[in-house]
Amino acid sequence: QTHFLFHSLQAKMSRPVQARRLEGRDKNIWVEFVNLAATYSKVNLGQGFPDFPAPDFLTEAFARALGGGNHMLHQYTRAFGHPPLVKVLAQFYKKLLGRDLDPMTNVMVTVGAYQALFCCFQALVDEGDEVIIIEPFFDCYEPMVKMAGGTPVFVPLRPNPPKDGKLMSSADWQLDPAELASKFSERTKAIVLNSPNNPLGKVFSRGELGLIAELCVKHDVLCISDEVYEWLIYDGKQHIRIASLQGMWDRTVSIGSAGKTFSVTGWKVGWAVGPDRLLQHLRTVHQNSVYHCATIAQEAVAQGFQREFMLYGKPESYFVQLPKELQQKRDWLVQSLDGVGMKPIIPEGTYFLVADISQFKSDVPDVPNSDEPYDSRFAKWMVKNKGLAAIPLSTFYSEAHKNSYTNFIRFCFAKEEATLKAANDILQKWKQEKTSS
């Protein structure tokens with residue numbers, strides 16, 4: 001009797017407990033590299049968050065909301081977005097997209113841009129649908145597509161180095177129009193666009209966006225446009241919103257982030273902007289998952305946007321000041337890396353800069369027949385031996401293409417001067433050791 005019970009218990013236990021949609025999704029590069037950085041790094045230029053303070057006007061708005069006598073700010077607000085926030089976002093994006101927006105149906109507030117992405121894939125992608133992803137890509141796109149039952153189809157940005165020996169720019173990484181067109185078929189449901197692009201810092205040009213838009217219209221494909229770095233653009237470049245191009249409003253969800261916009265990544269306030277025909281389905285996913293985002297954070301972000309709306313385009317606007325400061329930080333890091341022989345690819349936007357580590361091959365020898373891409377081993381060696389944390393570029397590629405781009409690592413330059421100076425000191429010391437050995 002006991003014997004039989006034991007066996008039937010064992011038989012029951014052998015069923016897999018996890019849902020099939022989680023298979024192969026358990027590994028996450030951030031968990032591993034954040035742990036490594038926490039353990040070894042003296043200077044962390046890995047994860048993309050600023051280590052400088054958020055603007056005073058925003059933290060003051062948060063403090064006012066917290067202690068300002070409106071006790072209802074401690075309770076639920078509207079599930080799809082705090083009314084003051086969706087109203088000001090609708091005003092702001094009316095200016096940016098050149099069309100009237102209904103705050104209740106054309107804007108939805110999410111727990112960071114991350115949840116906006118999750119809602120898009122869950123709401124719009126079905127079993128067997130193909131989703132085009134441009135490589136290199138922010139790494140959550142692929143597992144999110146797969147968890148929705150979709151099939152990711154990858155198309156790479158290909159580097160065209162300048163002939164004159166000048167440093168490469170993120171603009172030198174381009175789509176091949178014929179290759180891109182070949183990825184569209186009747187199975188294609190959506191394309192994910194990320195401009196400015198993380199990790200390269202590429203800002204897609206009007207011509208490139210026009211090409212994507214034409215293909216979307218021709219094949220009746222949706223566009224999930226991740227624009228979280230929309231205000232972080234350098235060298236007088238312009239961010240063009242694909243939803244503003246002909247035929248694209250009705251098929252595009254544009255995603256934004258207060259974390260990147262106001263340097264408060266821990267507040268986790270994001271949003272999706274688009275036509276009601278798409279957003280109504282995002283709302284269904286949202287109401288059946290997180291339901292609601294923190295009221296006080298939404299109130300403070302609403303006040304931040306109200307301020308920026310009044311100051312739009314003026315020198316004292318945070319959206320004008322922040323990219324100026326970040327461009328300076330970018331240029332310091334470019335000089336530091338170039339000075340030691342890590343060739344930086346100059347980004348047109350974002351927090352990030354990718355650098356070529358080919359000249360450092362002698363420091364971290366290759367391991368023949370290793371499954372792990374070279375840049376990943378290099379980044380682990382660098383944090384353990386030099387105390388400098390960065391992220392391998394191969395992280396931002398699909399399994400099939402990981403080994404094609406293994407001589408690059410990504411640095412985040414949205415850091416205090418002191419942090420960037422400390423990184424420069426590590427690099428200079430490393431260079432001296434190399435020359436003296």
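**Cysteines and overall fold of the predicted model**

The structure holds zero disulfides, a disulfide being counted where two cysteine sulfur atoms lie within 2.5 Å. The sulfur of C120 lies 7.2 Å from the closest cysteine sulfur, that of C119, which is too far for a bond. C140 is likewise in no disulfide, the nearest cysteine sulfur, in C120, being 11 Å away. C120 counts as buried at 0% relative accessibility, and C140 is buried with a relative accessible area of 3%, where buried means under 20% relative accessible area with a 1.4 Å probe and protein chains only.

The model is predicted, so that local features need pLDDT of at least 70 and side-chain atom pairs count only at pLDDT 80 or more, whereas totals for chains, interfaces and linings use all residues. Residues are numbered from 1 along each chain as its sequence is written, and side-chain values use heavy atoms, with hydrogens and water left out.

The secondary structure of the protein comprises 14 helices and 15 strands, taken as DSSP runs (helices H or I, at least four residues; strands E, at least two). The radius of gyration is 23 Å, close to the 22 Å that the globule rule gives for 437 residues, so the protein is as compact as a globular protein of that length; the radius is taken over C-alpha atoms, and the rule is 2.2 Å times the number of residues to the power 0.38. Along its principal axes the C-alpha trace spans about 80 × 65 × 50 Å. Of the 437 residues, 54% count as buried.

Note on methods:
Buried means under 20% relative accessible area, exposed over 50%, partly exposed in between (1.4 Å probe, protein chains only).
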